[in-house]
Amino acid sequence: MNYQTTVPSRAKSTVKGTVRILSQQEELPLLRDHLLRLDRTSRHDRFHGFMDDSFIERYAEKCANDGTVIIAYFEDGVVRGAAELHPPEQSPDALPEIAFSVESSVRRKGVGSILFRKLIAEARAKGYKSLRITTGAQNEAMRALANKFGAHLTFRYGESTGSIDLAKQNQPEAAPSAMATTLEAARAITNFNRAYWAMMLRMSGWGRTA
């Protein structure tokens, strides 16, 4: 699945971003440069500890060659956020693992949520049933985002680890439809009652005019 989506920014500026999957040829330079731009705190949150430039360069090269899918958020042609979908073969428990990174300049704009939704759609397209997510214990923003999408995280050895059941991801979206159906049924009953009593009043003579 390949797509490009225009995402209007929630900031006061008129800047708009786009989201799309990077090609294999793009992964090494674009993902690498994005990860290298992360500040010290962001690097610590992403890799559960501070990692130097040489580690990030090796990591980006590995992602470009092991089948990892990178969904990138662009602003002005530069990757400012990335969602990683690692193949299950890379995980000891055979679960595809996901990871996220967002540069400080575009935080608090909903970029993480946008990337999360696109990543889940891509995981479903690949037939995955469950995803594993691991984040640092101090990364409260990532933990909150994971919880928002149904992850059940447990704390262990300085990390929060959990899984996301993709079969349950439709439930929050189904609720509004069910509510709408209930409201429509209630309106139908109300309209029926009004019509019924109007008919009864006419039959009894109360509805006649002089």
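The secondary structure of the protein comprises six helices and eight strands, where helices (H or I, at least four residues) and strands (E, at least two) are DSSP runs numbered from the N terminus. The structure is a predicted model, in which local features need pLDDT of at least 70 and side-chain atom pairs count only at pLDDT 80 or more, while totals for chains, interfaces and linings use all residues. Residues are numbered from 1 along each chain as its sequence is written, and side-chain values use heavy atoms, with hydrogens and water left out.

Along the sequence, the elements follow the pattern β-β-α-α-α-β-β-β-α-β-α-β-β-α. Of the 210 residues in the protein, 40% are buried; buried means under 20% relative accessible area, exposed means over 50%, and partly exposed lies in between (1.4 Å probe, protein chains only). The protein exposes about 12,700 Å², and carbon and sulfur atoms supply 54% of this area. Accessible areas come from the Shrake-Rupley method with a 1.4 Å probe, and for residues only the protein chains shown count as cover. Contact means heavy atoms within 4.5 Å. Among contacts between residues at least 6 apart in sequence, 58% join residues at least 24 apart.

Helix packing was examined next. Two packed helices are described by the angle between their axes and the distance between the axes. Axes are lines fitted to C-alpha atoms, for helices over the stretch in contact, and angles run from 0 to 180 degrees between N-to-C directions. Angles under 35 degrees count as roughly parallel, over 145 as roughly antiparallel, 65 to 115 as roughly perpendicular, and the rest as oblique. A crossing is left-handed if the near helix is turned anticlockwise from the far one by less than a right angle, and right-handed if clockwise.

Helices α1 (24–37) and α3 (residues 53–65) pack at an angle of about 155°, with their axes 8 Å apart. The two helices α1 and α3 are therefore roughly antiparallel to each other, and their crossing is right-handed. On the α1 side the contact is made by Q24, E27, L28, L31, R32, L35 and L36, and on the α3 side by D53, I56, E57, Y59, A60, E61, C63, A64 and N65.

Helix α3 also packs against helix α2 (residues 40–47), at an angle of about 45° and with the axes 13 Å apart. The pair α2 and α3 is therefore oblique, and its crossing is left-handed. R43, R46 and F47 of α2 make this contact with D53, F55, I56 and Y59 of α3.

Within α2, the residues S42, R43, D45, R46 and F47 are buried. The cover over the buried residues of α2 includes α1, α3, β4, β5 and β6 (130–136). The N-terminal end of α2 is capped by D39, with a side-chain oxygen 3.3 Å from the backbone nitrogen of T41. After α2 comes H48, whose phi is positive, near 60°.

A further pair is formed by helix α4 (residues 111–125) and helix α5 (residues 140–148), which pack at an angle of about 45° with their axes 11 Å apart. This angle makes α4 oblique to α5. The crossing of α4 with α5 is right-handed. G112, S113, F116 and R117 in α4 meet M142, L145, A146 and K148 in α5.

T68 is found in the loop between α3 and β3 and is buried, with a relative accessible area of 3%. A polar contact is a pair of N or O atoms within 3.5 Å; within protein, one must be able to donate a hydrogen and the other to accept it, and residues adjacent in sequence count only if both atoms are side-chain atoms. The side chain of T68 makes such contacts with the side chains of D66, at 2.7 Å, and H86, at 3.1 Å. Leaving aside neighbours within four places in sequence, T68 is in contact with E27, C63, E84, L85, H86 and P87.

G77 is placed in the loop between β3 (69–75) and β4. This glycine, G77, is exposed, with a relative accessible area of 59%. G77 and G17 are 60 residues apart in sequence, and their C-alpha atoms are 8.6 Å apart in space.

S91 lies in the loop between β4 (78–86) and β5 (97–102) and is buried, with a relative accessible area of 10%. The side chains of S91 and D93 are joined by a polar contact of 2.4 Å. A polar atom of the S91 side chain also lies 3.3 Å from the backbone oxygen of L95.
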